[in-house]
Amino acid sequence: MAKTREIKRRIRAVGNIKRITKTMQMIATARFQAAFRRASAAQPYTRKIAELVGELAATASAGGTISHPLLKSDKPATGRKLLLVIASNRGLCGGYNANILRVATAFLRDNKEAQIDLEIVGKKAQAYFKFIGRPVAKSYTQFGDNPRYEDVVQLADQYMQLFTAGGYDSIDVISMGFISMAKQTPKAVRLLPLENPAAVAGEKAPAASVQYDFSPEPTELLNELLPITVKTQLFQCFNEAVVGEQIARMVAMKAATDSAGKMGKELTRRYNRARQSAITTELSEIIAGAAALE
Amino acid sequence: MADTFRCTLVTPERQVFEQDVTYASIPAWDGQMGLMHQRAPLLVKLGNGAMRLDDAAGKSHWYFVGEGFAQMRDDKLSLVVGAAVPAEEISVESAQAQLKEALARVALTDEEAARKTRDIERSRSMLSIHAHV
């Protein structure tokens with residue numbers, strides 16, 4: 001019967017889709033684990049750098065205030081800011097890109113008085129800003145699922161150069177932040193200027209508890225460490241973004257697989273009902289025909 | 001042996017080494033430096049170069065490290081560097097090619113001269129580390 005054929009076709013289509021989404025879910029799970037391992041492996045380095053900055057800040061500031069081109073200062077504002085938005089290249093990751101772009105749009109709106117140069121990572125961000133007609137200064141495509149430290153360092157060096165040359169008042173990054181497997185929220189991180197480490201350290205510990213041999217002088221060591229802080233912060237943004245994307249895709253594809261399964265069952269029931277009603281109709285026709293012949 | 005101290009070598013991408021060592025030779029910015037257990041607390045900037053870590057069993061682990069920092073405190077040595085290549089993974093061909101290229105380079109400015117010297121030292125360092133494999 002025509003109706004049963006249609007339903008049968010739909011069941012097959014749904015079955016195919018279910019297989020695809022299930023595979024995508026498994027791939028996203030594997031990629032998530034790899035990304036999470038990479039992000040966790042970066043933690044000891046990041047923590048150690050922060051610890052060294054803290055220890056040096058207490059010592060270096062004992063001789064006076066710390067000043068560095070990357071730190072907050074009282075120089076006159078230029079009225080220009082730079083915003084980097086990190087979104088994904090591929091879709092099918094649920095609300096991931098929508099959430100990030102919503103936060104980015106809000107940032108642009110709240111900072112309307114400043115001239116904001118917008119730089120983006122990810123084709124989804126590109127498409128969005130093109131759609132709303134917001135001009136984009138730069139679009140980076142070299143960061144994929146596996147952002148390399150060298151590539152991020154190149155970007156960080158570029159930003160630090162631009163900032164110290166006096167081009168921008170601030171450089172912010174909007175990307176997906178990882179809080180836990182169940183919770184990821186978009187975050188806006190102020191990459192530059194850096195918070196004065198003496199101010200941060202002063203709240204926590206008193207003067208350095210350990211008398212170090214410093215080579216070179218603590219101030220110079222601190223000056224070397226501050227750019228590294230910027231690099232690790234940016235690297236962390238990229239890592240968390242990738243982890244968040246894979247989790248979002250995992251969740252979205254799992255939901256799709258479950259829906260496809262449910263739809264398949266529903267369609268199978270309809271198919272059986274249609275099949276049975278076709279048989280009943282045929283039977284009654286035969287019986288009616290036989291009765292008419294008597 | 002009791003005269004060991006914990007040594008950890010981390011890069012932004014992974015933890016490369018964590019073991020008890022008897023001796024560490026690190027490339028400080030102003031030259032090679034040797035560290036043994038109970039050394040006074042130290043915080044030093046590292047340059048590119050060869051790093052040798054002798055573990056408790058007496059085996060020497062050689063690495064080529066990028067710039068970073070070394071912190072010695074409470075008998076624990078923490079090395080944070082931008083990159084660390086184990087001796088076994090150094091490619092002799094590429095190091096030799098880099099050395100050849102750097103030597104042939106013409107340096108016209110101070111910056112280029114500094115970069116040329118650095119690249120020459122880097123490739124020479126890599127080749128000498130590889131010899132210890």
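What percentage of the contacts in chain B with a separation of 6 or more is accounted for by residues 24 or more positions apart? In this predicted model, the share is 52%.

Figure 1. The chain comprises nine strands and two helices.

**Figure 2. Dimensions and burial in chain B.** The C-alpha trace extends over about 50 × 30 × 25 Å along its principal axes. Of the 133 residues in chain B, 29% are buried.

**Figure 3. Packing geometry of helices α1(B) and α2(B).** Helix α1 of chain B covers residues 92-104, and helix α2 of chain B covers residues 110-130. The two helices pack at an angle of about 155 degrees, and their axes are 9 Å apart. Because of this angle, α1(B) is roughly antiparallel to α2(B). The crossing in which α1(B) passes α2(B) is left-handed.

**Figure 4. Residues in the contact of α1(B) with α2(B).** On the α1(B) side, the contact involves V92(B), A95(B), Q96(B), Q98(B), L99(B), A102(B) and L103(B). These meet K116(B), D119(B), I120(B), S123(B), R124(B), M126(B), L127(B) and H130(B) of α2(B). By residue class, the contact contains eight nonpolar, four polar and three charged residues.

Methods: Residues numbered from 1 in each chain as written. Chains lettered and ligands numbered in written order. Predicted model: local features only at pLDDT ≥ 70, side-chain atom pairs only at ≥ 80, totals over all residues. Axes fitted to C-alpha atoms, helices over the stretch in contact; angles between N-to-C directions. Helix = DSSP H or I, 4+ residues; strand = E, 2+ residues; numbered from the N terminus. Parallel < 35°, antiparallel > 145°, perpendicular 65-115°, else oblique. Left-handed = near helix turned anticlockwise from the far one by under 90°. Contact = placed C-beta atoms within 7 Å. Nonpolar A, V, L, I, M, F, W, Y, C, P; charged D, E, K, R; others polar. Buried ≥ 20, exposed ≤ 12 C-beta atoms within 10 Å, placed from the backbone.
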